[in-house]
Amino acid sequence: MGLPLRMENLHAPTVPSGPTSSRPSNGDAGHLSFAELQQRKDNLEAELKALGGVLDSHGVDMNTPLVTRDGFPRSDIDVAQVRTTRARIIRLRNDYKALMSAIEKHIHKHFESLDDDVAAAEVGAQSSMLPDSVPEVLGAPFAKVNTVAPGSPAESAGLKPGDELRTFGYVNHTNHDNLKKVAECVQGNEGSQISIRVSRPASVTHREELRLTLTPRRNWGGRGMLGCHILPL
């Protein structure tokens, strides 16, 4: 009888790491309401958390070797379960990124419709509008940009120290959860455009209201995917 085969790639997933069959395609997600998209996001986050708990129970993470130095399967863990769990996590992460892109597109369309409504209201109300009237009701700022690194994605987007964030993708003053949702939005949109609303001091009594587009990315030459430091207000 021959010797057992060495299993050099045992730690690799047993199934392709592409999206699952349940991934919200562009056509599918386009017919969902924002609430339904948010529910899908919550479900994915819950499953990813549960799968992370499975790995924790084995004392491993996504990169822990599953073979011995001699190339044989480790006997102290359930290798098959760990491999299956890792493959599922990889797929769900792809699903999550696609879902966040769908949510971001939903947000963009929502703001575009708001802008159209505001423009129509301005045209119809020019003759009766008071000098100090505000044509658009803006959400309260929830964070302030403290620093912006040179050459960073934040600088490329036009962010400056002192800018106050009114919206960051789907995040606003009602749901930012002490900026945790901002980090979540960044992680879920690496390489994708995020629409942000910024209030910037233009003078002692006047502020500019800007809409900027920010694209998080790694390896830009500095820390993080944005290159800026923001603080909650």
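**Entry 1. Ground rules.** I call a residue buried under 20% relative accessible area, exposed over 50%, and partly exposed in between. By that rule Glu-209, at 33% relative accessibility, counts as partly exposed. I keep in mind that this is a predicted model.

**Entry 2. The whole chain.** I looked up the totals next. The chain has 233 residues, and 33% of them count as buried. Its accessible surface comes to about 13900 Å². Carbon and sulfur atoms own 53% of that surface. I then checked how far contacts reach along the sequence. Among contacts with a separation of 6 or more, 68% join residues 24 or more positions apart.

**Entry 3. Order of elements.** I counted five helices and five strands. From the N terminus on, I read α-α-α-β-α-β-α-β-β-β.

Entry 4. In what order do the five strands of the open sheet lie? I read 4-3-2-1-5, with antiparallel pairing. Strand 4 (207-214) and strand 5 (228-232) are the edges, and each pairs on one side only. From one strand to the next, the twist averages 35°. I noted the general point that strands of a sheet pair through backbone hydrogen bonds, either parallel or antiparallel.

**Entry 5. Cysteines.** I searched for disulfides and found zero. Cys-185 has 0% relative accessibility, so I list Cys-185 as buried. Cys-228 has a relative accessible area of 21%, so I list Cys-228 as partly exposed.

**Entry 6. Salt bridges around Lys-41.** The structure holds 10 salt bridges. I started with Lys-41. Its side chain meets that of Asp-42 at 3.8 Å, N to O. The Lys-41 side chain also meets that of Glu-45, at 3.3 Å, N to O. Glu-45 and Lys-41 both sit in helix 2 (residues 34-58), four residues apart, about one turn of the helix. Is Lys-41 buried or exposed? Its relative accessible area is 1%, so Lys-41 is buried. Asp-42 is partly exposed at 36% relative accessibility. Glu-45 is also partly exposed, at 22%. Lys-41, Asp-42, Glu-45, Lys-181 and Glu-184 form a network of salt bridges.

**Entry 7. A salt bridge across the sequence.** I went back to Glu-209. How many residues separate Arg-166 and Glu-209? Their side chains meet in a salt bridge at 2.7 Å, N to O. The pair links distant parts of the chain, with Arg-166 in strand 2 and Glu-209 in strand 4, 43 residues apart. Arg-166 counts as buried, because its relative accessibility is 13% and the limit for buried is under 20%. Glu-209, at 33%, is partly exposed.

**Entry 8. One distance check.** I picked Asn-94, which lies in helix 3 (residues 79-125). Asn-94 is partly exposed, with a relative accessible area of 31%. How far apart in space are Asn-94 and Gly-188? I read 9.4 Å, C-alpha to C-alpha, for residues 94 apart in sequence.

Notes:
Residues numbered from 1 in each chain as written. Predicted model: local features only at pLDDT ≥ 70, side-chain atom pairs only at ≥ 80, totals over all residues. Heavy atoms only, no water. Pairing = 2+ DSSP bridges. Helix = DSSP H or I, 4+ residues; strand = E, 2+ residues; numbered from the N terminus. Axes fitted to C-alpha atoms, helices over the stretch in contact; angles between N-to-C directions. Disulfide = S-S within 2.5 Å. Buried < 20%, exposed > 50% of the residue type's maximum accessible area, 1.4 Å probe, protein only. Contact = heavy atoms within 4.5 Å. Areas by Shrake-Rupley, 256 points an atom, 1.4 Å probe, with all protein chains shown as cover. Salt bridge = Lys/Arg side-chain N within 4 Å of Asp/Glu carboxyl O.
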